[in-house]
Amino acid sequence: MWSAFAVLLCVTALLAYLNERFVRLPTTVGVTLAGALASIALIALDALGLPGLRGWAASVLETLDFTTFVLNGILSALLFAGALSLNTRQMLAQRRSILLLAFLSTIISTALIGFASYGVFQLVGLDVPLMWALLFGALISPTDPVAVLDLLKRAKVPPKIETLIAGESLFNDGVGVVIFLALASAAGLGGHGHADPSALGVLGLFAQEALGGLAFGALLGGLGYLLVRSIEQHAVEVLLTLALVVGGYVAAAALGVSGPLAMVVAGLMLSLWRDQIFSAQTREHVLGFWETVDQVLNIVLFAFIGLDVLLTETTAPQLLASALMIALALGARWISVALPFALVRAREGYGAYTVRLLTWGGLRGGIAISLALGLPESPYRTQVVTVTYAVVLFTIAVQGLSIMPVVRKATAALEGGEGR
């Protein structure tokens with residue numbers, strides 16, 4: 001496994017260098033596209049009669065196991081680092097809109113995409129059951145916090161909109177994973193346990209995972225506060241926060257609560273108190289460490305997304321279903337944002353373009369792919385994985401590269417509303 005990780009790290013570094021030196025696209029978008037193009041080139045060479053290289057590259061990626069690499073590996077660090085970098089006080093001021101979008105929007109989107117994808121699969125001749133379509137709706141609905149936070153850093157949106165988008169993406173990620181696990185458990189799929197398949201059973205598991213994750217994250221954040229505030233040695237403080245993330249994520253899984261939500265809450269709590277628990281010098285070291293970890297793992301993850309195209313087998317019906325679901329996923333995202341947002345938009349003074357920005361800026365990423373690849377072997381798994389890849393690559397490549405005009409209009413609308 002370590003040899004495979006070394007290969008991935010070297011390839012990622014090369015892709016990032018080539019992008020930064022010659023192409024100058026945003027790093028996550030650039031390495032994803034470069035990885036996808038490299039995968040397509042290997043597939044083409046293999047088809048032209050140059051076997052061996054594609055098989056070797058595929059074996060390296062399979063050794064790493066994308067699902068384990070993301071969900072049980074780097075996700076905890078990425079979520080904690082993302083939450084730690086945010087302004088918790090600003091997020092608390094916008095808590096109504098953030099939580100409404102994170103919970104209600106994700107639930108609405110899961111239902112809309114689930115039923116729509118069931119119809120699409122039937123339309124193109126792919127026999128995918130409704131439960132699998134709903135699982136696809138659950139894994140593709142949450143926006144990926146890694147992709148979204150990287151987008152916000154380069155877009156330079158106003159703090160109010162940045163907090164709204166970042167907060168929603170951090171929390172709806174955890175909510176989406178919980179919904180996915182609840183549905184998978186109710187369906188009795190291997191690796192996800194067996195829960196009562198009734199609506200009450202699914203709601204009970206959802207409450208256990210979500211509320212338990214929030215509470216456990218608060219406990220971790222409080223423990224981190226007590227430990228870090230009593231010392232002034234930055235190396236030890238970095239070690240404590242690292243242990244909090246890695247150990248806390250493993251403990252959350254053992255307790256049966258949401259690890260992603262726990263990491264978000266723990267990171268936000270330490271961000272809230274960082275001026276009290278860190279001195280100026282140690283704060284620079286600790287925050288600098290987590291910012292570097294965030295950026296490096298971010299680039300590795302998106303290179304992995306691009307390279308993993310190598311493992312995706314496609315057919316004509318799957319490609320047609322993918323094209324239809326890209327459009328339907330965008331429509332479902334707009335509806336699922338616009339409906340709950342209507343309850344808070346006027347009260348909190350958001351501009352008219354904010355819904356459009358939330359829709360077009362709703363990038364998907366590694367979490368969706370890792371959940372799809374984590375599904376058990378089945379005649380329907382390939383359909384779900386292929387469509388997931390198509391939606392993820394479209395959001396990163398097309399939406400990620402064309403977001404700036406929407407950002408400018410949303411910013412102007414927000415400033416105009418505040419002026420009035």
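Modeller: A crossing is called left-handed if the near helix is turned anticlockwise from the far one by less than a right angle, and right-handed if it is turned clockwise. The model is predicted, so that local features need pLDDT of at least 70 and side-chain atom pairs count only at pLDDT 80 or more, whereas totals for chains, interfaces and linings use all residues. Residues are numbered from 1 along each chain as its sequence is written, and side-chain values use heavy atoms, with hydrogens and water left out.

Helices here are DSSP runs of H or I with at least four residues, numbered from the N terminus. H4 (66-84) and H14 (280-307) pack at an angle of about 145°, their axes being 9 Å apart; axes are lines fitted to C-alpha atoms over the stretch in contact, and angles run from 0 to 180 degrees between N-to-C directions. The crossing of H4 with H14 is left-handed. On the H4 side the contact (heavy atoms within 4.5 Å) involves residues including Phe66, Phe69, Ile74 and Phe80, and on the H14 side residues including Trp290, Asp294, Asn298 and Phe304. Sorted by type, the residues of this contact are 17 nonpolar, 1 polar and 1 charged, where Ala, Val, Leu, Ile, Met, Phe, Trp, Tyr, Cys and Pro count as nonpolar, Asp, Glu, Lys and Arg as charged, and the others, Gly among them, as polar.

A second pair is formed by H15 (316-341) and H19 (381-401), which pack at about 55° with their axes 9 Å apart. That angle makes H15 oblique to H19, the class left over once angles under 35 degrees are taken as roughly parallel, over 145 as roughly antiparallel and 65 to 115 as roughly perpendicular. H15 passes H19 in a right-handed crossing, and Met325, Ile326 and Ala329 are among the H15 residues that meet H19, where Val387, Val391 and Phe394 are among the partners. This contact holds 9 nonpolar and 6 polar residues, and no charged ones.

H7 (130-140) has 9 of its 11 residues buried, that is, under 20% relative accessible area, with exposed meaning over 50% and partly exposed in between (1.4 Å probe, protein chains only). Phe136 is one of the buried residues of H7; beyond its neighbours within four places in sequence, Phe136 is in contact with Ile113, Ser117, Met325, Val384, Val387, Thr388 and Val391. Phe136, Leu139, Phe171 and Trp290 touch the most other members of the largest nonpolar core, which has 125 residues; such a core is a set of buried Ala, Val, Leu, Ile, Met, Phe, Trp, Tyr and Cys residues joined through side-chain atoms within 4.5 Å.

Phe171 is in turn touched by Val265, which also reaches Leu214, Gly217 and Ala218, residues up to four places away in sequence not being counted. Val265 belongs to H12 (259-272) and, at 12% relative accessibility, counts as buried.

Arg24, in the loop between H1 (2-23) and H2 (27-47), has a positive phi of about 65° although it is not a glycine, and its 58% relative accessibility makes it exposed. Asp65, in the loop between H3 (53-64) and H4, likewise has a positive phi of about 65° without being a glycine, but Asp65 is partly exposed at 34%.

Definitions and conventions: Helix = DSSP H or I, 4+ residues; strand = E, 2+ residues; numbered from the N terminus.
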